[in-house]
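Dear colleague,

I am handing over the structure below, and after it you will find an account of what came out of going through it. Please read the notes with the model open beside them.

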Amino acid sequence: MARIVGGLGTSHVPMIGRTIAAAKQKDVPFAPFFEAYVPVHEWLRKMRPDVAIVLYNDHGLNFALDNMPTFAIGAAHHYDNADEGWGQPEPRRFRGAPELSWHIIQSLVADEFDMSVCREMLFDHAGITALDLLFPDHDVPVTTIPVVINAVQPPLPTALRCYKLGQAIGKAVASFAGDSRVLIVGSGGLSHELGVFGKINEPFDRLTMDRIEHDPIALTRYSNDEIVDLAGAQGLELMTWLAMRGAVEGPVNVINSVYHAPISHTGGAMMLIAPAAE
Amino acid sequence: MTKPQPGKFNLDAALGGYALNKMCHSLNRAENRVAFASDERGYCARYGLGEEEIAAVVARDKPRLFELGGNMYFLAKLDRVKKVEEI
Ligand SMILES: [Fe+2]
């Protein structure tokens, strides 16, 4: 039986990926953010997940306004990176897990989550940065299933809906006959607004991290507009953490976490949780 | 027109801005960034932008671009053109 071994929430600001690519993790002002990943890497070696379901928001790479799904999931054999406007990156290909994808898709649609199903999907930096943080040498030992939550064109799905999507993903994984060891990743946040410095709200971010651990339902009571007012427009990327927490339901242990602000113009955060029963 | 606030639904922004955002999205591709940089006005016109939008793009007038329905995720692509040229 497939099971979820843990959940990771993480920031994904592009500066993080560039720093890893340049192997400058020790030289940047936000080095403590990278140091906090050392226990995460130890945990990965011990727990050996073989699939990462990566919940993130596309940043205008794979999806544009001609067709903007609220929730989308990959069902491809592989996912490639692409130019997001900064210049053609070194080509990278990430292995998919199409059988598990289709199992999750069937389960989600039966549970009334009407997903957009993508047989091709360009992999946005939001997903790739999370994998780079987990596997900094770019050697990714897990297959990947990207799940995209619209954060581009409002109206965006509510916090409660994203949490429930995570719960439904958790349920789908638990009913998969293969014996995958699944890591759930929520990549986004925390407080920030694109192109604007000074939208970091550290007290709210710290409260959010505490709630993710102890009381995620409390976070689902915020309206999207309230989250924007508290945490900036891209504070809505918090939805990816909520979906992650929905998939890793029940009491959890925090393996490690860190809050470091600023990273670029964002409240930088990471939290790795594992089901308390593990 | 009500002033759009990033991250919140705004009907005027939702009704407008399509061509502007589509043009910005096209700047993901290197060859399009070159074409844009060599003739910003002509490039915008080919995407169907109006004169007001073109003027705001050329001036990189962010507040105005927001008012015209520009979406921050796509306007970010416009920022990157200049950065690419600087490299
Ligand atoms: Fe982001």
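To begin with one residue of chain A, Lys199(A) has a relative accessibility of 33% and therefore counts as partly exposed, where buried means under 20% relative accessible area, exposed means over 50%, and partly exposed is what lies in between, using a 1.4 Å probe and protein chains only. Its partner in a salt bridge is Glu193(A), with the closest N and O atoms 3.2 Å apart; Glu193(A), in turn, is buried, because its relative accessible area is 6%. A salt bridge is taken here as a side-chain nitrogen of Lys or Arg within 4 Å of a carboxyl oxygen of Asp or Glu.

Please keep in mind that this is a predicted model, in which local features need pLDDT of at least 70 and side-chain atom pairs count only at pLDDT 80 or more, while totals for chains, interfaces and linings use all residues. Residues are numbered from 1 along each chain as its sequence is written, chains are lettered from A and ligands numbered from 1 in the order in which they are written, and side-chain values use heavy atoms, with hydrogens and water left out.

Salt bridges within chain B

Over all chains, a search of the whole structure finds 15 salt bridges. One of them joins the side chains of Asp79(B) and Lys62(B), at 2.9 Å from N to O. Asp79(B) lies in helix α7 of chain B and Lys62(B) in helix α6 (residues 62–67), so this pair ties together parts that are 17 residues apart in sequence; helices here are DSSP runs of H or I with at least four residues, strands are runs of E with at least two, and both are numbered from the N terminus. Asp79(B) is partly exposed at a relative accessible area of 28%, and Lys62(B) is partly exposed as well, at 26%.

Another salt bridge is formed by Glu67(B) and Arg64(B), whose closest N and O atoms are 2.7 Å apart. Both residues lie in helix α6 of chain B, 3 residues apart, which is about one turn of the helix. Glu67(B) counts as partly exposed at 27% relative accessibility, and Arg64(B) is partly exposed with a relative accessible area of 27%. Through salt bridges that share partners, Lys3(B), Glu52(B), Arg64(B) and Glu67(B) are joined into one network.

Where the two chains meet

The contact, meaning heavy atoms within 4.5 Å, takes 28 residues from chain A and 20 residues from chain B. About 2,100 Å² is buried between the two chains, with carbon and sulfur atoms giving 57% of it; buried area is the accessible area (1.4 Å probe) that two parts lose on being put together, summed over both. On the side of chain B, Lys8(B), Tyr73(B) and Arg80(B) lose the most area to chain A, together 32% of what that side buries.

Across this interface the rule finds 2 salt bridges, and the side chains of Asp229(A) and Lys8(B) meet in a salt bridge at 2.8 Å, N to O. The elements that give two or more residues to the side of chain B that touches chain A are α2 (18–26), α3 (30–38) and α7 (72–86) of chain B, and the largest share of that side, 6 residues, comes from α7(B).

Backbone features of chain A

Most residues other than glycine have a negative phi, and most peptide bonds are trans. Against that background, a cis peptide bond joins Gly189(A) and Leu190(A), with omega about -5°, and Leu190(A) sits in the loop between β8 (181–187) and α7 (202–214) of chain A. The peptide bond from Ala261(A) to Pro262(A) is also cis, with omega near -5°, and Pro262(A) belongs to strand β9 (residues 252–263) of chain A.

Ala23(A) is found in the loop between α1 (14–21) and α2 (31–35) of chain A and counts as exposed at 58% relative accessibility, while Glu112(A) lies in the loop between α4 (98–110) and β6 (116–118) of chain A and is exposed, with a relative accessible area of 62%.

With best regards
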